[in-house]
Amino acid sequence: TNSFLQIFRILRGINVRVLVILLFLGFGYVFYIGASTSPIIVFVFSVCIVSFLLSIYLTKWVLSKDEGPPEMAQISEAIRDGAEGFFKTQYGTISKMALLLALVILSIYLFRNTTPQQESSGLGRATSACITVAAFLLGALCSGVAGYVGMWVSVRANVRVSSAARRSAREALQIAVRAGGFSALVVVGMAVIGIAILYATFYVWLGVDSPGSMKVTDLPLLLVGYGFGASFVALFAQLGGGIYTKAADVGADLVGKVEQGIPEDDPRNPAVIADLVGDNVGDCAARGADLFESIAAEIISAMILGGTMAQHCKIEGIFFVLSVFFWCGLIFDIYADPSGFILFPLVVHSFDLVVSSIGILSIRGTRDSNVKVPLEDPMTILQKGYSVTIILAVLTFFGSTRWLLYTEQAPSAWLNFSLCGLVGIITAYVFVWITKYYTDYKHEPVRTLALSSSTGHGTNIIAGVSLGLESTAIPVLVISVSIISAFWLGHTSGLVDETGSPTGGLFGTAVATMGMLSTAAYILTMDMFGPIADNAGGIVEMSQQPESVREITDVLDAVGNTTKATTKGFAIGSAALASFLLFSAYMDEVSSFAREPFKQVDIAIPEVFIGGLLGSMLIFLFSAWACAAVGRTAQEVVKEVRRQFIERPGIMDYKEKPDYGRCVAIVASASLREMIKPGALAIVSPIVVGFLFRVLGHYTGHPLLGAKVVAALLMFATVSG
């Protein structure tokens, strides 16, 4: 991250004309490799670049708004310094661990066997190792940048939302949504363009599809490193950011609200800045990295499945023309060859950028900001934008499937895959509705929980835990129905392999996952809205603004809590679908390395059953360590806040100023220290379990035992999670 910041400073110091020329050369190279690969890649590059330009416009629009009175700007600056300081330290730690892991991956790839595909294409061990490590590091870097961008804008938008709330609620809402939209477009755009650049570079560099070289259907297998790099960073960003935000929140509220009886976000609370910083590093940076990882993993696994299916079904170049006229004046002919099935996920997410941008821009402020209008429910306004995005996503999805998935071997297959996409889009919409029902203050579950508080803390906790446990039921039923529906639609699409067996089932599930994530940019916008609104409320309270301003930010904050929960539900739902695909990709990979079929995992074998038990246990152990980490860090915050109230009695009468920086430093160092153990557990345990059972399998005559046990561990862990 330090090197990234140095590059950023150097770029700022370069003459604007030189920078424009460098950018132009960069774009020229990107479009050259795109045109050498496929016109579809050129289309993807074009959409991503336009969405980046739109995100720059949104940033300029947000930053052009005023920061309000000096006391607001001062608080915002303290939040910004705390968030950026923690980010720099956290990502410095993560980058060191990523480099260490890159060396481990390099050594593993240099000594392991090659697959038949690698041998036939002449791809040696050293080349394969370098490609995987380069993809891993690029995935980690892009994931880190996605997280940084999310946090960068939120710490600048919060004070502008606070200032706008003094004028009108609608303007405050619009600023928060557009600030969230900026980071959402960058996160999704980076996931798509990163994979597209890697794909195109490998395609040109390895001379794919030329005689004696790699087939295009095997190319997606080289991208798995990118997905792992993104997952690695997302895991530690979520852990570090999550421990930070929860520990600061608990510490601030226990002493401030419970012991001292002062309101939330009161300037007298020494932990209040740490709490507000936590919203940015936990919900903006971490969620950005998390959804980046979900999208990257889903695109890569769908590309692998698309390639495998095209290979099995012997889909060859069926010619039909689509003339696309770009700014450079070139006209391309598009062939419906295997690359249509492989590049389909990139096109779907390119359209996601387009439809989500329209949804974000559909939320407008009032014409005259001086006119006070009655406060419309912000959730209703956000839902209208989501409805616009969903309708456009359905239309573009049907268009994409007709364009890329039409094949004369099964003329109606594209329609089945369109319906798979529709299943995914409906699943996403239902998930948003379910989460809203369980977390919005207007619905029964939250009202029942509030009622349980009237009889004390204990009954409140019991009701809260039971509500959380109950809220898993409907989402699981929805996911189950969508997996079966999508698999069946894909299975009956008419695509068959050489033996005449239907092969489209898994790809149907992949298309449903794409459908679910086809509005990811808008969902992420709603998520980023949450911490920005929360911060805005904190700034209004700390700068002691009138009650009418606090009322506006309170409503935005309440809605923000619901949208944050919505994104968690959405991310988990899409991860459940994506993990099903990754599981199949894992089995394909094992079978190609072992050179024997690996189609199913039998849990009646004792060792495999033990793998499942260990997988379920890992989730509980990981959760326990994460909770304990929050508890320990919160205790340190509580002790520090109590110490300040005792040693500085003037704080309560506003005669002395609390030492905010001390609490920020305590939470930052503790959360970085605490994130290592649970993170290491998640990464090391599958390797250790696989290795132990592989050794056991070697002596008992079961060569694939290690792979089967790890398969059970992964599947059971996903189900328990």
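A cavity is a set of grid points where a 1.4 Å probe fits but cannot get out, and its volume is the space filled by probe spheres set on the points. The model examined here is predicted.

**Exercise 1.** Determine how many cavities of 30 Å³ or more the structure holds, and describe the lining of the second largest cavity.

*Solution.* 
Step 1. The largest share, three residues, comes from α8.
Step 2. Sorted by class, the lining of the second largest cavity comprises six charged, three nonpolar and one polar residues.

**Exercise 2.** Classify the relative orientation of α12 and α15, and characterise their contact by residue class.

*Solution.* 
Step 1. Helix α12 spans residues 413-439 and helix α15 spans residues 473-491; their axes come within 9 Å and cross at roughly 175 degrees.
Step 2. Angles over 145 degrees count as roughly antiparallel; α12 and α15 are therefore roughly antiparallel to each other.
Step 3. On the α12 side, the contact residues include Phe-417, Leu-419, Val-423, Phe-431 and Ile-434. Among their partners in α15 are Ile-474, Val-478, Ile-479, Ala-486 and Leu-489.
Step 4. By class, the contact of α12 with α15 has 14 nonpolar and five polar residues, and no charged residues.

**Exercise 3.** Carry out the corresponding analysis for α10 and α17.

*Solution.* 
Step 1. Helix α10 (residues 338-361) packs against helix α17 (residues 520-542) at an angle of about 40 degrees, and the axes are 7 Å apart.
Step 2. This angle makes α10 oblique to α17.
Step 3. From α10, Asp-352, Ser-356, Gly-359 and Ile-360 meet Ala-520, Ala-521, Tyr-522 and Thr-525 of α17.
Step 4. The contact of α10 with α17 has four nonpolar, three polar and one charged residues.

**Exercise 4.** State how the protein is divided into domains, and how many residues each domain gives to the contact.

*Solution.* 
Step 1. Domain 1 comprises 37-366 + 376-393 + 518-599, and domain 2 comprises 605-720.
Step 2. The C-alpha centres of domain 1 and domain 2 lie 23 Å apart.
Step 3. The contact takes 45 residues from domain 1 and 41 residues from domain 2.

Methods
Residues are numbered from 1 along each chain as its sequence is written. This is a predicted model: local features need pLDDT of at least 70, side-chain atom pairs count only at pLDDT 80 or more; totals for chains, interfaces and linings use all residues. Side-chain values use heavy atoms; hydrogens and water are left out. Axes are lines fitted to C-alpha atoms, for helices over the stretch in contact, and angles run from 0 to 180 degrees between N-to-C directions. Helices (H or I, at least four residues) and strands (E, at least two) are DSSP runs, numbered from the N terminus. Angles under 35 degrees count as roughly parallel, over 145 as roughly antiparallel, 65 to 115 as roughly perpendicular and the rest as oblique. Contact means heavy atoms within 4.5 Å. Ala, Val, Leu, Ile, Met, Phe, Trp, Tyr, Cys and Pro count as nonpolar, Asp, Glu, Lys and Arg as charged, and the others, Gly among them, as polar. On a 1 Å grid over the protein atoms alone, a cavity is a set of points where a 1.4 Å probe fits but cannot get out, and a pocket is an open set with protein on both sides within 12 Å along at least five of seven lines; lining residues have an atom within 4 Å of a point. Domain bounds come from an automatic or database domain assignment.
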